[in-house]
Amino acid sequence: MSTQLLTDALSFDEHPLYERIISDILEQGYSICDSFFEEHVVGLLRDHIKTLYKHSELKKAGIGNKVNESVEKSIRGDYIQWIDELKANSVEKKFFEKINAFKNYLNKTCFMGLLHQEFHYAVYPKGSFYKKHIDTFQNDDRRKLSLVCYLNDHTWKTSNGGELVLYPEGLPEVIVHPLPGRVVIFESQRLEHEVKEVVNDKRLSITGWLKTM
Ligand code: OGA
Ligand code: MN
């Protein structure tokens with residue numbers, strides 16, 4: 001390899017936020033970040049999920065993956081709509097630009113072999129929850145990292161419930177309030193977690209997975 005090629009292959013701009021997320025995940029299996037997406041992107045995604053919900057475009061979520069799912073309301077009660085990246089609107093394109101940059105960074109620095117992603121909008125109406133689970137299925141272990149971005153606005157109260165509870169192995173449980181723009185990233189195959197009942201208002205998010213082949 002020529003010296004130039006070698007320098008190109010070895011050099012890249014270190015991204016402090018992504019580095020922090022990576023070390024969090026290596027150390028504790030999850031990372032929480034309040035500045036992953038720009039605020040105006042979160043705002044536009046919020047407008048969009050509200051419109052979808054108003055027009056009843058979200059459907060009762062199932063258990064299992066996209067191809068093999070059954071609706072089981074004693075386990076989860078959210079309403080979802082998958083996002084087709086090929087038909088993404090302008091704000092969804094911005095969302096996926098960030099996701100792709102993060103994914104490429106992980107592949108370059110951690111050799112994770114992430115090839116694609118799947119994301120859906122999710123609304124948890126009052127009274128809904130998602131019981132303790134992990135994010136992989138018997139027939140599909142391609143999900144490596146889960147990423148949730150909360151789309152509630154600044155009027156969201158912690159007393160509304162809908163906390164995400166993480167159960168990292170050998171560590172105390174972690175309670176995450178679904179605050180505006182907050183992003184939680186965790187290992188899909190290892191980290192048990194649940195969504196506590198929403199006792200007031202509607203809990204809004206985008207949830208998805210970075211996947212290998
Ligand atoms: C899920 C999930 C967590 C959250 O959709 O699998 O666990 O905080 N979501 O919405
Ligand atoms: Mn989950």
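## The largest pocket

Strand S7 (130-133) gives the largest share of the lining of the largest pocket, four residues; strands here are DSSP E runs of at least two residues and helices H or I runs of at least four, numbered from the N terminus. This is a predicted model, where local features need pLDDT of at least 70 and side-chain atom pairs count only at pLDDT 80 or more, while totals for chains, interfaces and linings use all residues. Residues are numbered from 1 along each chain as its sequence is written, and side-chain values use heavy atoms, with hydrogens and water left out.

The pocket holds about 370 Å³ of space. A pocket here is an open set of points on a 1 Å grid over the protein atoms alone, where a 1.4 Å probe fits, with protein on both sides within 12 Å along at least five of seven lines; lining residues have an atom within 4 Å of a point. Of the 29 lining residues, Arg76, Tyr130, His133, Asp135 and Trp209 are the closest to its centre. Strands giving two or more residues include S6 (116-124), S8 (143-150) and S13 (203-211).

## H3 against H4

Helix H3 (residues 39-54) and helix H4 (residues 90-110) have axes that come within 9 Å and cross at roughly 130° (lines fitted to C-alpha atoms over the stretch in contact, with angles from 0 to 180 degrees between N-to-C directions). On the H3 side, His40, Val41, Leu44, Leu45 and His48 make the contact, with Val91, Glu92, Lys94 and Phe95 from H4 (heavy atoms within 4.5 Å).

## H2 against H4

H4 also pairs with helix H2 (residues 16-28): their axes come within 11 Å and cross at roughly 60°. From H2, Tyr18, Glu19, Ile21 and Ile22 meet a set of H4 residues including Lys98, Phe102 and Cys110.

Note on methods:
Chains lettered and ligands numbered in written order. Points joined across faces, edges and corners; volume = space filled by probe spheres on them.
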